[in-house]
Amino acid sequence: MTKLDPRSKILLKTLIEHYIVEGQPVGSRALSRFSGLELSPATVRNVMSDLEEMGFITSPHTSAGRIPTAMGYRFFVDSLLTVQPLEQQQVRELKGQLQPDQPQRLLSAASHLLSELTQFAGVVVSPRRDTLKIRQIEFIRLSENRILLIIVSMNGEVQNRILITQRSYSPAELTMAANYLTEHFGGLGFDDIRARIRDELRQLRADMSELLNATVEAGTAAAHDDTSSYVLSGETNLLDVEELSSNVAHLRELFKLFEQKTGLIQLLDLSNRAQGVQIFIGDESGLAQLDGCSVVTSGYEVNGQVVGSVGVIGPTRMAYDRVIPIVDITARLLSNALSSAN
């Protein structure tokens, strides 16, 4: 990482903090006044020129002042930012709005809270299907050769699949098969079940093998069904961000990204592989639509296992010192609420 002398760090920190609040290019006179350093505007201009040459700040064509670059924001976030934890009263209020409830309602509440507190877009990625572990299996006979498979997961998600069988199964047989699967494989994912069931099927009646095999195939498909989605709230807040709304074509691409989901989900899933809050600034996301934006995200857990992520999407000119603790505490409270709901 590039090293800066203490004077340059103070001036860069002052410039970025001032720009985040005011949204206007910052000139040398303003920096001289707000930095607390007894430096002449001429000296400040020299330091700013050095910072610009290093890529931390840039000068818009319409102004003699400077604004931060993505590289400047990254240095600021990594080395200069002081994050203030939320007050306990705020934490209690948040906790009160994220009480154990139905998982999907909790996800929506968390997304709405993130948006409301930051005035940007709040997003919560639903638990991925490959974390689907069964709590209970049920079968309902629909017709002679059609059976409704009901999978209740450990995190409360319900999946339904239709099974087409070669022969008809009686209600007693369906109950026996459901009890067998629930008793022997509760708490496991379908990949684990598939590996174990081959040996155990040999011990069952041959005419039950078809039903159990069909169940494992359907359950595996449900677990790996690439329909992970997210709950997005407050995306229209981005219309009020001048640096985003001034470029209609770019804004259109950003909203298209929200609709397509896949790219954003892949980005947010990166936070599942790391500890704590992750911050993607500008092109660090690898998504052209997020140029000029920052994504602050953190994974959330169910019973100690990371299953999804929460995040805030806003302009690079965001109050990181506020947004980071909001994302962090929301992820923690959501983890607690979902684990309690189980």
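Because the model is predicted, local features are taken only at pLDDT of at least 70 and side-chain atom pairs only at pLDDT 80 or more, while totals for chains, interfaces and linings use all residues. Residues are numbered from 1 along each chain as its sequence is written, and side-chain values use heavy atoms, with hydrogens and water left out.

I begin with the interior. A residue is called buried under 20% relative accessible area, exposed over 50%, and partly exposed in between, with a 1.4 Å probe and protein chains only. A nonpolar core is a set of buried Ala, Val, Leu, Ile, Met, Phe, Trp, Tyr and Cys residues joined through side-chain atoms within 4.5 Å. The largest such core has 78 residues, and those with the most contacts inside it are Leu12, Leu264, Leu290, Tyr320 and Leu334. Helix α13, residues 320-341, supplies the largest share of this core, 11 residues; helices here are DSSP runs (H or I, at least four residues), strands likewise (E, at least two), and they are numbered from the N terminus. Another core, of 24 residues, lies apart from it and includes Leu132, Ile147, Met208 and Leu211.

Helix α12 covers residues 262-269, and in this helix Leu264, Ile265, Leu267, Leu268 and Asp269 are buried. What do the buried residues of α12 pack against? Their partners are β3 (121-125), β7 (230-233), α11 (248-260), β8 (278-281), β9 (293-302) and β10 (305-315), where contact means heavy atoms within 4.5 Å.

In the loop between β8 and β9 we find Gln289. Gln289 counts as buried because its relative accessibility is 19%. Leaving aside residues up to four places away in sequence, Gln289 touches His250, Glu253, Leu254 and Leu257.

Let me turn to the aromatic rings. A pair of aromatic rings is described by the distance of the centres and the angle of the planes. Rings of Phe, Tyr and Trp (its six-membered ring) pair if their centres lie within 6.5 Å; planes under 30 degrees apart count as stacked, over 60 as edge-to-face, and the rest as tilted. By this rule there are four aromatic pairs. Phe56 and Phe75 form an edge-to-face pair, at 5.2 Å centre to centre and 65 degrees between the planes. This pair joins distant parts of the chain, 19 residues apart: Phe56 is in the loop between α3 (41-53) and β1 (57-58), and Phe75 is in helix α4 (residues 70-80). Both Phe56 and Phe75 are buried.

A tilted pair is formed by Tyr73 and Tyr320, with 5.9 Å between centres and 55 degrees between planes. Tyr73 belongs to helix α4 and Tyr320 to helix α13, 247 residues apart. Tyr73 and Tyr320 are both buried. Not counting residues up to four places away in sequence, the contacts of Tyr320 include Ile20, Phe76, Leu81, Ile279 and Pro325.

Two further positions deserve mention. Beyond residues up to four places away in sequence, Gly189 touches Leu132 and Lys133. Pro171 lies in helix α7 and counts as exposed, because its relative accessibility is 57%. Pro171 and Arg141 are 30 residues apart in sequence, with 7.1 Å between their C-alpha atoms.
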